[in-house]
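Please keep the structure open while reading.

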Amino acid sequence: MGILGLSKLIADAAPHAIKESEIKSYFGRKVAIDASMSLYQFLIAVRSEGQQLVSADGETTSHLMGTFYRTIRLIENGIKPVFVFDGKPPQLKSGELEKRAERREEAQKELDKATEAGDATLMDKFNRRLVKVEKKHANECKELLKLMGVPYVEAPCEAEAQCAALVRAGKVFASATEDMDALTFGTSVLLRHLTFSEARKMPIQEFHLDKVLEGLGMNQAEFIDLCILLGCDYCPSIRGVGPKRAIELLQKHKTIENLLEKLDKSKYQIPEDWGYQEARKLFLNPEVADPNTIELKWGEPDENGLVEYLCGDRNFSEERVRNGAKKLAKAKGGSTQGRLDGFFTVLSTTPAKRKAEDKKKNPAKKSKGNSSFKGKPK
């Protein structure tokens, strides 16, 4: 679920914190990708198109197809992806996981009814609600990524928290996920729609945390309390407090504790044994692997290994797999050029000020340009 309604709230209250970009804008960038979210997208997308791919023994291979071809596309655009896989969910998430299990049970019942009635539209609808990323999907993709020469990280707990830690440590430029709680965990840059923007003909949304906080008039601690009020995976929210009311209350009272002292209990229903403090601790200090001990390496693809892994029983075309491996090798070979901003340092002196200073020192000398860049490689 992430944070309920957060993207719309930011769009309304801090629109300058969001910019839309094309995939080519991230040439030379290292990006941490929420693997489970990505796999879920692939399983849903292919299933909804009525083309669910299966192996010779009937096992789904859509997640492998999506990971293989979309990763090649990312690398062809100069992006260096690192996939981050979920670990064990925190105990606080058990309530949310139980709700999801109940919703899947209900979806199965509705699917059975639709199947009996022969309603193809409803069958497709409830089939998609039953999609779940399983451990075997993750393990199969890890093996695939090894063969592709693409690094991955196994988070001890939540993947979004690990992505955010990698960003804060400077290991990668951004977190790529659809879950907005990557911002709550402190990622400075969040990319939404990265793994499917081209397929769906939609732009990538780039959220900047510093501008989000500026637009909301909050610091990170206050923002975390806002996200808890909006509704997160770790505890229920206060019934009757919607996004607009939540931001008004936090901007006025700064903390949930102060807010609760003033809140009209007859009007708003506070959950019994509300675990907001535990949720706050989880966002502030999530369980993550120390990013400074994580070494990210992008290697050469194993073409023959990929053919052996994807073809045969998994029914992938050998010609297409070999072509994909060659594209991957070619893209990696041509991606050594860095970004321009990695080679130049922006000077603190503005062009106008620098021009005035030069003129003062050398009145007879005419200025030949207004460049604010210093061409010194880092």
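This is a predicted model: local features need pLDDT of at least 70, side-chain atom pairs count only at pLDDT 80 or more; totals for chains, interfaces and linings use all residues.

## Helix α1 and its cover

Helix α1 spans residues 6-13, and its buried residues are L6, L9 and I10. These three cover an arc of only 100 degrees around the axis, so they sit on the same side of α1. K8 and D12, on the other side of α1, are exposed.

Several elements cover the buried residues of α1. Among them are the strands β1 (18-21) and β7 (204-208). The helices α8 (181-184), α9 (209-216), α10 and α11 also belong to this cover.

## Packing of α10 and α13

Helix α10 (residues 220-230) packs with helix α13 (residues 276-284) at an angle of about 130 degrees, and their axes are 10 Å apart. Angles over 145 degrees count as roughly antiparallel and those from 65 to 115 as roughly perpendicular; α10 and α13 are therefore oblique to each other. The crossing of α10 past α13 is right-handed.

On the α10 side, the contact is made by I224, D225 and I228. From α13 come Y276, A279, R280, F283 and L284. By class, the residues of this contact between α10 and α13 are six nonpolar and two charged, with no polar ones.

## H253 in α11

H253 is part of helix α11, which covers residues 243-253. Is H253 buried or exposed? Its relative accessibility is 13%. The cut-off for buried is under 20%, so H253 counts as buried.

Apart from neighbours within four places in sequence, H253 is in contact with N258, L259 and K262.

Methods
Residues are numbered from 1 along each chain as its sequence is written. Side-chain values use heavy atoms; hydrogens and water are left out. Axes are lines fitted to C-alpha atoms, for helices over the stretch in contact, and angles run from 0 to 180 degrees between N-to-C directions. Helices (H or I, at least four residues) and strands (E, at least two) are DSSP runs, numbered from the N terminus. Angles under 35 degrees count as roughly parallel, over 145 as roughly antiparallel, 65 to 115 as roughly perpendicular and the rest as oblique. A crossing is left-handed if the near helix is turned anticlockwise from the far one by less than a right angle, and right-handed if clockwise. Contact means heavy atoms within 4.5 Å. Ala, Val, Leu, Ile, Met, Phe, Trp, Tyr, Cys and Pro count as nonpolar, Asp, Glu, Lys and Arg as charged, and the others, Gly among them, as polar. Buried means under 20% relative accessible area, exposed over 50%, partly exposed in between (1.4 Å probe, protein chains only). The arc is that of the directions from the helix axis to the C-beta atoms.
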